[in-house]
Amino acid sequence: MIVLGIETSCDECSAAVVRDGREIMSNVIATQIELHKPYQGVVPELASRLHTEWIEQVVGAAVTKAGIGMEDLDAVAFTNRPGLLGSLLVGVNYAKTLAETLGIPFIGIDHIRGHLYASQIENPLEYPYLGVLVSGGHTVICKVLSYDEVDVLGTTIDDAIGEAFDKVAKFYDLGYPGGVVIDRLSKEGDPNAFMFPGPSMDRNEHPYDMSYSGLKTAVINQKDRFLVPGKEDSKANIAASFQRQAVGILMKRLRLALKDTGLKRVSAGGGVAANSLLRSELKELEKEGYQVTFPSLKLCTDNGAMIAGLAYNYLRDGYRDDVTVSASARVNAFKKF
C-alpha cells in the first residue's frame, strides 16, 4: 500500500510517500524557519499563508521523488490534530480534495501519535513500550500499547520542554530555533556553572508529571541566585546549565515510570528528541538492560513520513474518514489520544 502523508500542523510544510508503513520512498520538508526567524517564534498567520503557497509544490515533489505518479497512490493521510488551526486546515482541505479527485481513501492522523510512531519506521519496537514525546508544544510520558492505544502517565502542567528552550533562547538573544542553538551553545559551556532548580511537586498526586515554568523563570529572571561561586556568568554556561536541568527533569520522571511499569522498552519522538544530551541520556539506559529507540534526526521534527507510516496501520485495519473530517487545534482527551 502506497500512502501519501501530508503534515502542516505548524511551520513545516511536508509531504512524504511511504510504502506499507515502513519504506520511505520520499520525504520532502519545506521549512519556514528563516521566515519566522525575525520574530524568534512561529507567526500563525504567516505559517498558514506559506502552507497555502507551498503545499502543491511540496506534494508534487514528494510524488516525483518517489518515482511514481499520482495515479499510483493508494491513499492520502494528513495531520488534522493538534496544531495551529490555520496551518492544519490548509493540509486537511488540500488532502481531502486530492483524494476525492483521485478516488482513493483518506484519513486524518493525530500529530502526537505520529511522533510516537516515527521511530517504528526505522527501528520497530515491540508493544507495549514507554513512549516519550518531547516537542515545542507537548511533553508526555505514556504507555504505548499499540499504534493507536496510548495511556498517558504524565505530562507537563505548564510549559512544554521545547517551549522552555525557545523562551530562554529568545530572552538571551541566542538565536532561533531555541532548541537547536541552546544544544549547540551548551557544548561550549559548563553544565554545573548554575544550579538551576527543578520543580517541587506532590509526587503522590503527580508522580510522572513535569513542570518547566519554574525553571524558565529561574533562568530568565533569577539566574544570579543560582550561579556557583567562582563560575563564569556566560551565555554558554547558562545554556549548558539550563539544558542539563531541563533534560534532568524529564529523565527523573522517565526513570520512575520505567521502574513502576516494569517496561523494558522505551522510545522518544518529537523535535526535542534530536537534542544531543537527551539522546545521550537515553542511550545510557541501554547499559541498564533497556531497549531504547528514537527516530533519526530527519524524523524528529514534523514530517510527512511519520503521518503516512502511521496511517498505513489504520488503513490496513479498515479505518477511513469521510468529507466531514476537519481540523482540531487541540489534542483529544486523555486516557487515549
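Residues are numbered from 1 along each chain as its sequence is written. In this predicted model, local features need pLDDT of at least 70 and side-chain atom pairs count only at pLDDT 80 or more, whereas totals for chains, interfaces and linings use all residues, and side-chain values use heavy atoms, with hydrogens and water left out.

Five strands form an open sheet of mixed pairing in the order β3-β2-β1-β4-β5, where strands (E, at least two residues) and helices (H or I, at least four) are DSSP runs numbered from the N terminus, and two strands pair if DSSP finds at least two bridges between them. The edge strands, β3 (23-31) and β5, each pair on one side only, and neighbouring strands are turned by 20° against each other on average, direction ignored.

Strand β4 (residues 75-81) is largely enclosed by the rest of the structure, because seven of its seven residues are buried, that is, under 20% relative accessible area with a 1.4 Å probe, protein chains only. Strand β1 (residues 2-7) pairs with β4 in the parallel sense over four bridges; in β4, Ala75 is the bridge partner of Val3, and Ala77 stands opposite Gly5. β4 also pairs in the parallel sense with strand β5 (residues 106-110), over five bridges, with Thr79 opposite Ile109 in β5. From β4 the chain crosses through helix α3 (residues 85-102) to β5 in a right-handed β-α-β crossover, meaning that, with the strands pointing away from the viewer, the path from the first strand over the helix to the second runs clockwise.

Notes:
Buried < 20%, exposed > 50% of the residue type's maximum accessible area, 1.4 Å probe, protein only. Axes fitted to C-alpha atoms, helices over the stretch in contact; angles between N-to-C directions.
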